[in-house]
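Please look at the sequence and the structure shown here before reading on.

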Amino acid sequence: MDKVVLNTRAEVPAALVAAPGPARHPDTLVGNTPILWVGEPLAPAGRGFWAKLEGVNPGGMKDRPALHMVRRAKARGDLAPGARIIESTSGTLGLGLALAGLVYRHPVTMVTDPGLEPIMAQMLAAYGTQVDLVTEPHVLGGWQQARRDRVLELLDREPDAWCPDQYNNPDNVDGYESLAIELIEQLGSVDVLVCAVGTGGHSAGVARVLRRFNPDLKLIGVDAVASTIFGQPAGPRLMRGLGSSIYPRNVDYAAFDEIHWVAPSEAVWACRALAATHHASGGWSVGAVALVAGWAARAHDSELRIAAVFPDGPHRYFDTIYNDTYCEQHGLFDVDPPIEPDTITHPTERVVHSWTRCTTVIDPKHLVHGREQAS
């Protein structure tokens, strides 16, 4: 009989590796997500970063805060038994609240807009969620404000209903403590953390916990071009899941060391490069974060440990990011592989249209006529 030689990277047969314990309830499937080393072509040869693959959760990263916000609301008595949960979503939180509604036995209504991918609307409906669609953006606050206004209308109609208010609810931030603890258990320490910023929840929650272990942690935020979060003017945005047309209170501006704005074509390049080289990819936030984390691996000392949070997987983006026709129609292939960001010294210096970084981080609510208000 020929001698069998095992590859050194897989000497232990997969069947002998410890498997997760049996789950009697779907919420116990949330958490303990893997991390993956990401190198070339996102990072230079011999360098890279650790990606926390939150898409392995049943619905993605926001399963964590959705369950936590509902648990805390029930404990405080804010959410009555059997009362409806009503919230605005661009997708991922909707999946998390659908799970929380099932686990804690609450009907769920998700208010969304025409930008929601059809597959997401269909999955939410399959999970028993009522999907309420707004048809016109708010004049100033865009689709997000239009959705939030609709949430208020629905809450007025159903007095016992409860809204998590993910943009301003501190329980959203606290819900990411488990993610941070897992990173410490998996990596030992983190020197640089790269996070997409939308509601501000996971960047604030994860960084706060990691800094208990490493006070010198550097936090890099990743925003979308045409997002108002860090002081740029609002505009139409193709990307969902990061960026905002409003100012969420959960964004911890003081926690950030720098911010990067990324354009849709650059995020698509990164998503597809990840899929082709690491068999792990995701949506707009994943592409934008991977692009910036790869740059961080190039720009920082090679001994520093860089971690990036990948909020979801690729499945809901088969009709957008991974659809050639869609990408061609929106000019998303018209970009050379992005290597370095442009730099501005202040968020109000000029309007950015492509990957740009800034080490001056401001709370734009303190701006008066484009200048920072004196404290």
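## Helices and strands

The model is a predicted one.

## Overall form

The protein chain has 375 residues, and a compact globule with that number would have a radius of gyration near 21 Å. The chain itself has 21 Å, which agrees. Along the principal axes, the C-alpha atoms fill a box of roughly 75 × 55 × 45 Å.

Of the 375 residues, 54% count as buried. The protein chain exposes about 17,500 Å², and 52% of this area is supplied by carbon and sulfur atoms. Among contacts between residues at least 6 apart in sequence, 70% join residues at least 24 apart.

## An aromatic cluster

How many aromatic pairs does the structure hold? There are five aromatic pairs. One of them is formed by Phe230 and Tyr253, with 5.5 Å centre to centre and 75° between the planes, an edge-to-face arrangement. Both residues lie in the loop between strand 7 (218–224) and strand 8 (258–262), and the pair links parts of the chain 23 residues apart. Phe230 has a relative accessibility of 0%, so this residue counts as buried. Tyr253 is buried as well, because its relative accessible area of 9% is under the 20% limit.

Phe230 also pairs with Phe256: the ring centres are 5.3 Å apart and the planes are at 85°, so this pair is edge-to-face. Phe256, like Phe230, lies in the loop between strand 7 and strand 8, so the pair ties together parts that are 26 residues apart in sequence. Phe256 has a relative accessible area of 7% and is buried. Phe230, Tyr253 and Phe256 form one aromatic cluster.

## A nonpolar patch on the surface

Which residues form a nonpolar patch on the surface? They are Ile119, Met123 and Tyr127, with about 270 Å² of accessible area together.

Tyr127 is in the loop between helix 3 (118–126) and strand 5 (130–133).

Technical notes:
Residues numbered from 1 in each chain as written. Predicted model: local features only at pLDDT ≥ 70, side-chain atom pairs only at ≥ 80, totals over all residues. Heavy atoms only, no water. Patch = residues over 30% accessible without salt bridge, like charges linked within 9 Å, V, L, I, M, F, W, Y side chains within 5 Å. Areas by Shrake-Rupley, 256 points an atom, 1.4 Å probe, with all protein chains shown as cover. Salt bridge = Lys/Arg side-chain N within 4 Å of Asp/Glu carboxyl O. Helix = DSSP H or I, 4+ residues; strand = E, 2+ residues; numbered from the N terminus. Rg over C-alpha atoms; globule rule 2.2 N^0.38 Å. Buried < 20%, exposed > 50% of the residue type's maximum accessible area, 1.4 Å probe, protein only. Contact = heavy atoms within 4.5 Å. Phe/Tyr/Trp six-rings, centres within 6.5 Å; stacked < 30°, edge-to-face > 60°.
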